[in-house]
Amino acid sequence: MALLYPDRLFPADARGRDLARALFDSVRDLPILSPHGHTDPVWFAQNAPFTNPAALFVTPDHYVFRMLYSQGVALESLGISPLQGASSVDPRDIWQRFAANYHVFRGTPTRLWIDHSLQEVFGVDQTLSAETAGEIYDQIDRCLILPEFRPRSLFDRFNIDVLATTEGALDPLQHHAKIAASDWSGRVITTYRPDTLIDPDCPAFRENLRELAEITRCDTTCWRGYLDAHRMRRQVFRDHGATATDHGHPSARTANLSVTECETLFDAVTQGSFTPEQAELFRAQMLTEMAKMSLDDGMVMQIHPGSRRNHASDIFARFGADKGFDIPGRTDYVSALQPLLDVAGHDPAFTLIVFTLDESAYGRELAPLAGVYPALKLGPAWWFFDSPDGMRRFRECTTETAGFYNTVGFNDDTRAFLSIPARHDVARRVDCAFLASLVTSGRLHEAEAFELALDLTITLAKRAYRL
Amino acid sequence: MALLYPDRLFPADARGRDLARALFDSVRDLPILSPHGHTDPVWFAQNAPFTNPAALFVTPDHYVFRMLYSQGVALESLGISPLQGASSVDPRDIWQRFAANYHVFRGTPTRLWIDHSLQEVFGVDQTLSAETAGEIYDQIDRCLILPEFRPRSLFDRFNIDVLATTEGALDPLQHHAKIAASDWSGRVITTYRPDTLIDPDCPAFRENLRELAEITRCDTTCWRGYLDAHRMRRQVFRDHGATATDHGHPSARTANLSVTECETLFDAVTQGSFTPEQAELFRAQMLTEMAKMSLDDGMVMQIHPGSRRNHASDIFARFGADKGFDIPGRTDYVSALQPLLDVAGHDPAFTLIVFTLDESAYGRELAPLAGVYPALKLGPAWWFFDSPDGMRRFRECTTETAGFYNTVGFNDDTRAFLSIPARHDVARRVDCAFLASLVTSGRLHEAEAFELALDLTITLAKRAYRL
Amino acid sequence: MALLYPDRLFPADARGRDLARALFDSVRDLPILSPHGHTDPVWFAQNAPFTNPAALFVTPDHYVFRMLYSQGVALESLGISPLQGASSVDPRDIWQRFAANYHVFRGTPTRLWIDHSLQEVFGVDQTLSAETAGEIYDQIDRCLILPEFRPRSLFDRFNIDVLATTEGALDPLQHHAKIAASDWSGRVITTYRPDTLIDPDCPAFRENLRELAEITRCDTTCWRGYLDAHRMRRQVFRDHGATATDHGHPSARTANLSVTECETLFDAVTQGSFTPEQAELFRAQMLTEMAKMSLDDGMVMQIHPGSRRNHASDIFARFGADKGFDIPGRTDYVSALQPLLDVAGHDPAFTLIVFTLDESAYGRELAPLAGVYPALKLGPAWWFFDSPDGMRRFRECTTETAGFYNTVGFNDDTRAFLSIPARHDVARRVDCAFLASLVTSGRLHEAEAFELALDLTITLAKRAYRL
C-alpha cells in the first residue's frame with residue numbers, strides 16, 4: 001500500500017482535479033528554493049550520517065514532540081534533555097513511543113510530511129504504528145549508514161538549488177566557510193539573525209554586545225559604534241552568501257526616532273535599567289535601522305512577529321527555549337509598521353517580507369498594506385499555518401487585495417531536513433489546487449495558471465530573495 | 001415531501017458524498033452522549049407532558065425569539081413575560097406568528113433543528129408557514145398528550161446514554177435525586193456551575209454567600225471557609241452524578257495569587273466595596289482555585305468565556321437575563337490562561353475544556369495551546385457557532401495544529417430538549433463530511449476515517465468527561 | 001476568445017453549478033439598485049463624453065493605481081497629479097503602462113470588473129496586455145465619442161433603477177438639481193455625508209462650521225444651532241432624493257451624553273483646543289444624534305468604520321487623501337454601538353446599516369448584534385472584501401446567526417461607473433452560488449432559493465434603503 005495518495009490536496013471536482021494535476025506536473029520536478037529555514041549547516045559541512053530514526057524524526061522536531069506532549073508523553077521520554085542532566089533514552093524506545101501515538105497526528109501536516117519522508121526517502125510502504133514501528137525503524141536505520149543517505153547526497157537528491165540557514169549575528173559561520181571551501185557544489189547560504197543583539201530583554205544582551213565588540217572591534221557601548229558593528233557583521237554574512245536578514249520580534253512595532261533619542265534609548269537599554277516600554281521601543285527602532293541598512297547594502301529584510309515565547313514557565317525553566325510552548329497572539333501591523341514604512345516602504349529596491357501568526361491580519365491588514373507599499377511583500381503561511389488549510393486560507397484571504405505578485409513563494413522554515421521536499425510538495429500542490437479553482441470558477445485563464453504555477457514555485461522566491 | 005434531504009451536509013462531490021454517507025451510517029444510530037447542556041431536570045423527574053407547541057419550540061428558545069425580535073416581533077407577543085406582569089398570549093397565536101416568519105430562519109441552524117424535530121419526532125412533512133401553521137400545531141398537540149411523547153419516553157427514544165444538565169452551586173438538586181430514586185433507568189447528571197458564588201458583580205453575590213454558609217455550615221466570610229464550602233458543594237454535585245464543573249465568565253482571565261493576596265482580595269469583594277479590576281481578579285483567581293480542586297476531586301473543568309451579557313439595557317431591565325442580548329466579544333486566551341496552566345496545565349490527569357465565541361482564537365491561540373498542554377482540550381463549536389459552517393470552521397482551523405485527539409466530541413448545550421437529536425445529527429454529519437474531505441484529498445486513510453468517526457461521536461466525549 | 005467564462009463564480013460540482021446558473025438566470029436581467037456609491041453626479045448632469053480610456057479606467061480608480069504602485073509604478077506616471085503641480089502624462093502612455101502590468105491583477109476582483117467592462121461595454125475579446133494595449137485603446141476611444149457611450153445612455157443601458165451618489169453636507173447639490181430638472185428619467189439621488197462637519201480632527205472643521213452657518217443661517221457656534229443646521233441640511237438632501245445618511249468614522253464608537261455634556265464637549269471641539277479623546281467622543285455622540293434625527297425624519301443611517309486613513313505620510317503630503325493608503329484596522333462593535341442601540345436600536349422603523357473592514361467581527365459581533373436588534377442590519381462585504389471570496393465569507397460567517405433578512409442586498413460603492421454592472425454581476429453570481437450550495441447540502445429548499453435570489457437582488461435593498 002502506498003502511504004501517499006497521488007492526487008492528494010487537489011480539488012474534489014474532476015475538472016479542478018485534472019487541471020491541478022496538470023499544473024502540478026509542470027512544477028513538481030523543478031528545483032527547490034529554500035530561502036528561509038533552520039537546518040543545521042554542520043550537516044553539510046561535515047556530511048556525517050544521521051544517527052538514528054528517532055534523532056532524525058522525533059527529538060529535534062517541535063511539531064512532533066509538542067503534539068506527543070499534549071497527549072501526556074513526557075519530553076524526557078522523547079530524548080529531550082533537561083538543562084540539568086541529559087536524557088538517555090534508547091532511540092528504539094523513543095521511536096516505539098512515537099509510533100504508538102502516530103494516530104494523534106491524523107489531520108495534521110506533520111502526518112503528511114512524515115509519510116512523505118518515509119515513502120519517498122526510505123521507501124516505507126506501511127503506516128507507522130505500534131505494530132510496524134520496529135520494522136520501519138530497521139528499514140530507516142539500514143539506509144542511514146549508506147552514502148546516498150548522507151546530508152549532501154540527500155541535498156542533491158532533493159534537487160535543492162539553494163538552502164538558506166539562519167545564524168545568530170555572532171556566529172563564526174565556520175560551517176558555511178567549510179562548505180564553500182569544499183568540492184561539493186551545493187549552495188548553502190546563511191541569514192543574518194541579530195535578535196539577541198537587539199532585544200534588551202534577552203538575558204545575554206549585554207554580554208552579547210561585549211562579544212560583538214570583540215569580534216568587530218567596534219565600540220558597542222555607543223549607538224554609532226553599535227550600528228557600525230551591525231553593518232560589519234551584515235557584510236560578513238553577505239560574504240557567506242546571505243541575501244537576507246531575519247527578525248523574530250514579540251510584535252511588529254517599529255519606530256523612527258531622532259539620533260539623539262536613539263542615543264539616549266541605547267544608553268538606557270545597555271546600562272541594564274530600563275522599562276518594558278523602552279525595551280519594546282528599542283526593538284522597534286532597530287527594525288527601522290535594519291531597514292535603513294538594507295537600503296544601503298541590498299539585503300532583504302524579514303520580520304516574523306507575534307509569538308509569545310516560552311508560555312510554560314516550568315518547561316522553560318527545566319528545558320529552555322523552543323520546546324513547543326511558543327504561542328501566537330494578536331498582532332497589529334497597521335500602526336506598528338507605519339514608522340518603518342514611512343522611512344523605507346516606498347523604495348521598490350528594498351524588500352521587506354512580513355509574516356504572521358494572526359490570520360485575522362491577512363485580509364484586514366497585511367494584504368491591504370502589501371497591496372500598496374512597493375517594498376512590502378507577504379511571506380507565506382507560517383509555522384502553525386504551514387499546512388494545507390493554512391495555505392489555502394492565506395491565498396483566499398490575501399490574493400483578492402494583494403494579488404499574487406506581492407507574495408514571495410514558499411518558505412519551508414524547517415529544522416527537519418527530511419521535511420524540506422515534503423513541505424515543498426504540499427505547498428506546490430496547494431498552490432496548484434488554488435490556481436485550478438480560480439480557473440474552474442472563471443477567475444483566471446488556464447494559460448495564466450501555468451505561468452503563475454511557475455512564478456509561485458520559482459520566480460517570486462528568486463526575485464524577492466535576490467537568489 | 002420530506003422536510004429533510006437524506007444527504008444533507010455532506011460534500012458536493014460524489015466520492016466525498018458517498019464516503020461521508022458511509023461514515024455517517026456507521027455512527028448515526030450510536031447513543032447520544034450529552035455531557036453539557038441546559039435542559040430542565042424537572043422534565044425527567046416529573047415526566048409531565050409538554051404543554052403545547054409554542055411552549056416547546058418558541059418561548060424558551062433564545063435562538064428562536066432573538067431572530068423573531070430582530071425582525072420586529074415583540075417579545076411579549078411570543079409569550080415571554082416581562083419581570084413585572086405576565087404574558088398571556090394564546091399559544092396558537094404565538095405559533096402562528098412564528099410560522100408566518102419561519103422564512104427568516106432560512107440558512108440558520110435553527111431551521112435545520114426545527115425541521116428535524118418536526119419530521120423525526122412529530123412526523124410533519126410540510127414546511128412550516130402561515131398557511132400550514134394551524135395544521136402542524138394540531139398535529140403536534142395531538143402527540144403531546146400521548147405517553148410516548150412524555151420526556152422520559154422521548155429520552156429513551158432519542159437513545160440518550162447520558163444527559164448532563166447544569167445547576168447553580170446552591171441548587172438543592174431534588175430533581176436529580178428524584179430521578180435517581182425512580183425506577184426509570186435514564187442517566188441524567190448535574191454539572192457544578194458556581195458563577196453566582198464567584199462573580200462579585202452578580203447582584204446577589206453576598207446574599208448567595210450567606211446562603212452557601214447556611215447550606216454547608218462553612219464560614220463563608222473567610223477565604224478558607226469559602227473554599228471549603230465549594231469543596232463540599234462539589235462533593236454533593238458529584239453525589240448527584242456530576243463529573244464536571246462549568247464556568248461562564250466574561251473573560252478567560254486566570255490568576256495565581258498567594259494565599260495572603262487571596263484573603264485580602266476575598267475580603268474586598270465580599271465587603272461590597274471593590275473595583276472592577278478586583279472583581280475581575282477574583283473571578284480569575286477562582287478559576288485557578290477550581291482547577292486546583294479538580295486536581296483533588298477529579299472533576300472536569302469547563303470554561304465558557306467571552307459573552308458580553310445583557311447588551312440591551314432596556315430588555316434587561318424589563319425582561320431580565322438570557323433574552324437574546326448576550327453578544328460575543330474579542331477574547332484573549334494566551335496570557336489569560338497562563339497562570340492557571342502554570343499551576344495545573346501539565347497534569348494529564350486533569351482536563352480543562354475551553355470554549356470560545358471568538359473564532360479568530362481557534363487557529364491563533366486555542367489550537368496552539370491545546371496542541372501542547374496535556375490538560376487542555378478544545379470544546380466544540382459553541383452557541384452561535386453550533387452550526388454547519390461554524391463546525392466546519394472549527395475543524396478547519398484547529399485540526400492541523402491540535403489534531404482531533406485534543407478535542408472532546410460534541411456538546412449540544414441546549415435548553416430545547418427536542419433539538420438534542422437534531423443537533424447531534426448535524427454534528428455527526430458535519431464531522432463525517434470533514435473526515436470524508438480529508439480522505440478524498442489524500443490526507444487520511446479511509447479506515448482511519450471510520451475510527452475517527454467513532455472517536456468523535458463516542459470515545460472522545462466519554463474520555464474527556466469521564467462518563 | 002471571450003474574456004469572461006459564462007459559468008464564472010458558480011460551484012464546481014455539476015448539480016450546484018446547474019442550480020446556481022438557473023438562480024442567476026432568474027435575476028441577471030433585473031434592474032440594478034445602487035443605494036450606496038461614489039460616482040460623480042456631474043456626469044449625469046452634463047452628460048459629456050468620457051474623455052479617454054486611461055481617464056475612465058486607471059487614473060480615478062484607487063483599486064487600480066494602488067496595485068500598480070505596489071509593483072513600483074509611480075503615481076504620477078498614471079496621471080495622478082500631485083497637489084503641487086499637475087501630471088501631464090499622455091493617456092496612451094498611462095494605458096500602455098497599465099496594460100503591461102495587467103497580469104498583477106490576476107486573482108483580484110479588479111481583473112473581473114475590468115474584463116467585464118471591456119467585453120460587455122466595449123466588445124473587447126482579447127486579454128489586455130502590452131501587446132494588445134494599443135488596439136484596445138483605440139477600440140474604446142472610438143466608442144467614447146458615440147452618443148450611446150455617454151453617461152446617461154450607459155446608465156439606461158446598464159438598467160439602473162436608482163443610483164445613489166454621496167455628497168458632503170455642504171454640497172450645493174446643483175448637479176442633482178439639474179438632473180431632476182432635465183427631461184432624462186434616470187433616478188440619481190444623493191446621500192447625506194456630514195463627516196467633515198462632525199470630525200473635529202478634520203483640518204477644515206471650524207471653517208466648515210462657519211460655512212454651514214452661512215448656508216443654513218443657523219448659529220453653529222452653539223450645540224443647539226449646530227444640530228438644527230444638520231436637520232436643515234438633511235431636509236435639503238431629502239429634497240434631492242436622499243433616503244440615507246453615510247458616516248465614515250475611524251471607529252464605530254457611539255455615545256449617549258446628556259445635553260449639558262454635549263454642550264460642553266461641543267464648545268471644546270469647536271474652540272480648537274481639545275484632546276484626541278474629546279474628538280473621538282464628539283464623533284461618537286454625533287452618531288447617536290444622527291440616529292435620533294433618523295428617528296424623526298426617516299433617513300436610513302449607514303456607518304462605515306475602521307479605516308485608518310492616509311497611512312503613508314509622504315503620499316498624503318504630496319498627493320492628498322484617497323490615494324490608496326487607507327488601511328483597515330481592528331474594529332470593535334459590541335461596546336462601541338451599545339449607547340446608540342440603547343437609544344434607537346429597538347425601533348423597527350429605524351434602519352442602521354453597519355459595514356466592516358474587520359472580517360473577524362462578522363461572526364463574533366456583527367451577526368449576533370444584527371440577529372437581535374430590530375434596527376440593525378448588516379451592510380454587504382465592503383471595499384477590500386467586495387470580491388468573490390470576500391462575499392462568500394460574508395455569507396458563510398453571518399447567515400447562520402443573522403439570517404438573510406437582516407442583510408440589505410448589495411452596494412457597489414464605486415467611483416468607477418463602468419464597474420457598476422460588473423460588480424452587481426459578481427454579487428448576484430456569488431449569492432446564487434451560495435444559495436445553490438445551501439440547496440445541494442440540504443439546508444434550503446430549491447423554491448426558497450429562488451425567492452431568496454430575488455430578495456437579495458431587489459427586495460432587501462428596496463426595503464432597507466426605502467427606495
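**Ground rules**

I number residues from 1 along each chain as its sequence is written, and I letter chains from A and number ligands from 1 in the order in which they are written. Since I'm working with a predicted model, local features need pLDDT of at least 70 and side-chain atom pairs count only at pLDDT 80 or more, while totals for chains, interfaces and linings use all residues.

**Entry 1: how the copies relate**

I superposed the copies by least squares on the C-alpha atoms of residues with pLDDT of at least 70 in both. Chain A goes onto chain C with a rotation of 120° and 0.0 Å of shift along the axis, at RMSD 0.0 Å. That is what a three-fold axis does.

**Entry 2: chain C against chain B**

I called two residues in contact if their C-beta atoms, placed from the backbone, lie within 7 Å. By that test, 37 residues of chain C touch 41 residues of chain B. On the chain C side, at least two residues each come from H16 (334-344), H17 (360-370), H18 (388-402), H19 (419-440) and H20 (446-464). H17(C) has the largest share, seven residues.

I also sorted that side by class, with Ala, Val, Leu, Ile, Met, Phe, Trp, Tyr, Cys and Pro as nonpolar, Asp, Glu, Lys and Arg as charged, and the others, Gly among them, as polar. The side of chain C that touches chain B came out at 15 nonpolar, 14 polar and eight charged residues.

**Entry 3: chain A against chain C**

Here the contact takes 37 residues from chain A and 40 from chain C. Helices H16, H17, H18, H19 and H20 of chain A each put in at least two residues on the chain A side. H17(A) gives the most, seven residues. The class count for this side of chain A is 15 nonpolar, 14 polar and eight charged.

Which surfaces do the copies meet through? Only 5% of the interface residues of chain A are also interface residues in chain C, so the copies meet through different surfaces. I get the 5% figure again for the interface residues of chain C that are also interface residues in chain B.

**Entry 4: two domains in chain A**

An automatic or database domain assignment gives the bounds. Domain 1 of chain A is 14-48 + 148-464, and domain 2 is 49-147. Their C-alpha centres are 27 Å apart. Each domain brings 23 residues to the contact. On the domain 1 side, H15 (313-319) and H19 (419-440) of chain A each supply at least two residues, and H19(A) gives the most with six. That side has nine nonpolar, five polar and nine charged residues.

I let two strands pair if DSSP finds at least two bridges between them. In chain A, an open sheet of three strands has the order S1-S2-S4, with parallel pairing. S1 (32-34) and S4 (188-189) are its edge strands, each pairing on one side only. S1(A) and S2(A), residues 160-164, share three bridges, and A:Leu33 sits opposite A:Val162.

I looked at chain B as well. S1(B) and S2(B) run parallel and are joined by three bridges, with B:Ile32 opposite B:Ile160. S2(B) also pairs with S4(B) in the parallel sense over two bridges, and there B:Ala164 faces B:Ile189.

**Entry 5: A:Ala164**

Buried or exposed, I wondered about A:Ala164? My scale, with C-beta atoms placed from the backbone, is buried at 20 or more other C-beta atoms within 10 Å, exposed at 12 or fewer, and partly exposed in between. A:Ala164 has 24 such neighbours, so A:Ala164 counts as buried. A:Ala164 lies in strand S2 of chain A. Beyond four places in sequence, its contacts include A:Ser34, A:Ile189 and A:Ala244.

**Entry 6: the core**

I took a nonpolar core as a set of buried Ala, Val, Leu, Ile, Met, Phe, Trp, Tyr and Cys residues joined through C-beta atoms within 7 Å. The largest one has 437 residues, and A:Leu435, B:Leu435 and C:Leu435 have the most contacts inside it. Leaving aside neighbours within four places in sequence, C:Leu435 touches C:Leu23, C:Leu444, C:Ala449, C:Leu452 and C:Ala453.

Methods:
Helix = DSSP H or I, 4+ residues; strand = E, 2+ residues; numbered from the N terminus.
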